[in-house]
Amino acid sequence: MTETSTIDSARRTGELLPRLSRIVGTGHVLTGGDLTRSYESDWTGRWSGRCLAVVRPANTAEVAAVVAECGDHRVALVPQGGNTGLVGGSTPDGSGSQIVLSLTRLNGIGAVERESGQIPVGAGVSLTALQQAARAAGYDAGLDLGARDTATVGGLAACDAGGLKAVRYGTARARIVGVEAVLADGSTVSRMAGLLKDNAGYNLPALLIGSEGTLAVITEVLWKLVPRLDARATALIAIDSVQQAAQIAGPLMASLPSLEVLELMTETGIRVTLDYLDQAPPMAVTPAWVLVQCAARTDPQDELIEALDGIGVAGQAIVAVDAAGTERLMRIREGHPEAVNHGGVSTKLDVGVPLRALGRFLEALPTVVERAAPGARLVAYGHLGDGNVHVNVLGPDPDDTTVDESVLELVAGCGGTISAEHGVGRHKAAYLALIRSAADRAAMRAVKHALDPDEILNPGTVLA
Ligand SMILES: Cc1cc2nc3c(=O)[nH]c(=O)nc-3n(C[C@H](O)[C@H](O)[C@H](O)COP(=O)(O)OP(=O)(O)OC[C@H]3O[C@@H](n4cnc5c(N)ncnc54)[C@H](O)[C@@H]3O)c2cc1C
C-alpha cells in the first residue's frame with residue numbers, strides 16, 4: 001500500500017465511527033478498552049483481540065445501514081451474539097481495525113402462531129428467554145445447552161447449535177423454519193412465511209444456518225416449537241469401558257421413544273467435575289458414565305427401566321427419584337465445561353464421528369493425546385447419541401497445535417468431522433482440508449465470494 005492510500009484509508013476510517021453513531025446513536029458505538037473488553041475476548045479466555053469499536057444496532061434497518069456503511073469503508077465486521085462460541089469466531093482479530101457488531105439489542109419475541117406452533121424471535125434473544133416464552137405458551141423450544149442464559153438465537157442459528165436435546169429434536173437447523181438476514185452489501189433477505197415446504201429455488205436459510213457470520217448477519221428467525229413434556233425420568237449408568245458406552249447408544253435410541261438426553265462422561269472429567277462442584281459421587285466412578293433422560297406426557301420411568309433392563313445395564317444404573325436428584329445428575333454433566341475452564345485455558349475440540357466408529361475413536365484418543373502432549377490431562381465428554389465428543393486437553397500451551405493436529409487426524413481417519421456443533425471459527429479453519437475435498441472447499445469459497453466479495457463479514461472464520 002502506498003503512503004497516500006494509507007492516509008486516505010485512515011481518513012476514511014476516521015469518518016466511519018461518526019457515521020455509525022448517526023445510525024445507532026452515540027451511546028451504542030463503544031470505543032476504549034473498558035467498554036469494549038468483554039466483547040473482545042471469549043468465554044474460555046483462549047480467543048481475544050482488539051476492535052475499532054463495538055456497534056450495537058437495535059433493529060434490522062440499523063443492521064443493514066451499519067453493514068452498508070462498513071462495506072463502503074472496507075471495514076470488516078464480526079457479528080456477535082452472546083459471545084459463548086468456543087472457536088474464536090465471535091471475537092475480533094488483533095488488528096484493531098474490525099468492528100464487533102453486537103446483535104443483543106435485537107431482542108423482540110413475537111407471539112406463538114397457534115396454527116403452526118412457530119414463534120418469530122429476534123437474533124439477540126437468549127435461549128433461556130426463548131425457552132420461557134415457549135413454555136408459557138405450552139410448548140418447548142426443543143433445544144437446550146449449558147450456555148442458555150447468554151447464547152442468542154442468532155448465535156444458535158449461525159453455529160447450527162446442537163446441545164442436549166439434539167438426539168431427539170435435531171440441531172438448530174431442524175427448529176428454524178424462517179430466517180431474515182442482512183447480506184454483505186446491506187440488502188435484506190427474508191424467508192419468514194413459515195412454510196414447511198418451499199422448493200422455489202435455492203434454500204437461503206439453510207445456507208445461512210451454520211455459516212458462522214461469514215455470509216450474512218441473521219436478524220430474526222422463525223422458530224418451530226415442539227410439544228411441552230413435563231414428565232421426566234433420569235438415570236445414570238456406570239459403564240466399565242468407553243467402548244461399551246458407545247455400544248449402548250444404538251440400543252437405547254432404538255428402545256426408548258421418549259429419549260431426550262443421552263450423554264457421555266469419562267473418568268477424568270467425572271472426577272474433575274465432582275471436585276469442582278464439591279459434590280460426592282452418586283455412584284462408583286467407572287471409566288464411563290452414561291446419562292439418560294426421557295421426557296413424555298406421562299411418567300416415562302417404567303419405560304426407561306425396562307429399556308435399561310433390556311440391554312442388561314439396569315443393575316449398574318441409578319434412577320433419580322425427584323426433581324432435586326434429577327438436577328444433581330444433570331449438573332454433573334453440565335458442570336463439565338466450567339470445571340475444565342476452572343483448570344485453565346485448554347485445547348478445546350468438538351468433534352463428531354459416526355456411531356459405528358465411536359468406540360474405536362474413544363479407545364484410541366488417550367494414546368493419541370498422550371503421544372502429542374505427554375502428561376497432559378484429557379477430559380472427554382459429550383453428546384453420546386450424536387457421536388459428538390468434546391475433547392479438552394489441559395496442560396499444553398493452547399497455541400501449540402500438536403494436540404489439535406493429532407486428534408483431528410484421528411477424527412478424519414474415523415470418517416468424522418472436525419466440528420460437530422461449535423463451528424469452525426478461526427480455530428479450525430486451517431484443518432478444513434482434513435475432511436473437505438478440494439472441490440468442496442472451492443465450492444464454499446465460491447459461495448463466500450459471491451455473497452461477500454470484499455470479505456466484510458467475519459474474515460478468517462471458516463475459510464482461512
Ligand atoms: C458452557 C457452554 C456450554 C456450551 N454447550 C454447547 C452445546 O451443548 N452445544 C452447542 O452447540 N454449543 C454449545 N456451546 C457453544 C455456544 O454456546 C454455541 O455455539 C452458541 O450457539 C453460540 O451463541 P452466541 O449467541 O453466544 O454466539 P457468539 O458466540 O456470539 O457467536 C458465535 C458465532 O456465530 C456468529 N454470530 C453470532 N450471532 C450472529 C448473527 N446474529 N448473525 C450472524 N452470525 C452470528 C459469530 O460471528 C460467531 O461466528 C456452549 C458454550 C458454553 C460456554
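Ala, Val, Leu, Ile, Met, Phe, Trp, Tyr, Cys and Pro count here as nonpolar, Asp, Glu, Lys and Arg as charged, and the others, Gly among them, as polar. The model is predicted, so local features need pLDDT of at least 70 and side-chain atom pairs count only at pLDDT 80 or more, while totals for chains, interfaces and linings use all residues. Residues are numbered from 1 along each chain as its sequence is written, and side-chain values use heavy atoms, with hydrogens and water left out.

**Figure 1. The shell around the ligand.** The ligand is surrounded by 35 residues, each with a heavy atom within 4 Å of it. Pro79, Gly81, Thr84, Gly85 and Thr152 are the closest. Sorted by class, the shell holds 16 nonpolar, 17 polar and 2 charged residues.

Figure 2. Serine 90 places a side-chain N or O atom 3.5 Å from an oxygen atom of the ligand. Glycine 213 has a backbone N or O atom 3.5 Å from a ligand nitrogen atom. At isoleucine 218, a polar backbone atom is 2.9 Å from a nitrogen atom of the ligand. The protein buries 96% of the 970 Å² that the ligand exposes when taken alone; accessible areas come from the Shrake-Rupley method with a 1.4 Å probe, and for residues only the protein chains shown count as cover. Strand 3 (77-80), helix 5 (153-159) and strand 9 (216-224) are the elements that give two or more residues to the shell. Helix 5 gives the most, with 5 residues. Helices (H or I, at least four residues) and strands (E, at least two) are DSSP runs, numbered from the N terminus.

**Figure 3. Serine 21 in helix 1.** Helix 1 spans residues 3-24 and includes serine 21. Is serine 21 buried or exposed? Its relative accessibility is 16%, so serine 21 counts as buried (under 20% relative accessible area; exposed is over 50%, partly exposed in between, with a 1.4 Å probe and protein chains only). Beyond its neighbours within four places in sequence, serine 21 is in contact with Thr26 and Val29, where contact means heavy atoms within 4.5 Å.

**Figure 4. Glutamine 131 in helix 4.** Helix 4 covers residues 127-136, and glutamine 131 has its place there. Glutamine 131 is buried, with a relative accessible area of 16%. Which residues does glutamine 131 touch, not counting those up to four places away in sequence? They are Ala141, Leu143, Asp144 and Arg148.

**Figure 5. Valine 389 in strand 17.** Strand 17 runs over residues 388-394 and contains valine 389. With a relative accessible area of 2%, valine 389 is buried. Leaving aside neighbours within four places in sequence, its contacts include Leu349, Val351, Phe361 and Tyr381. Serine 406 is 17 residues from valine 389 in sequence, and their C-alpha atoms are 15 Å apart in space.

**Figure 6. The setting of the close-ups.** The protein has 16 helices and 17 strands. Buried residues make up 54% of its 464 residues. Among contacts between residues at least 6 apart in sequence, 73% join residues at least 24 apart. The protein exposes about 19,200 Å², of which carbon and sulfur atoms supply 51%.

Technical notes
A polar contact is a pair of N or O atoms within 3.5 Å; within protein, one must be able to donate a hydrogen and the other to accept it, and residues adjacent in sequence count only if both atoms are side-chain atoms.
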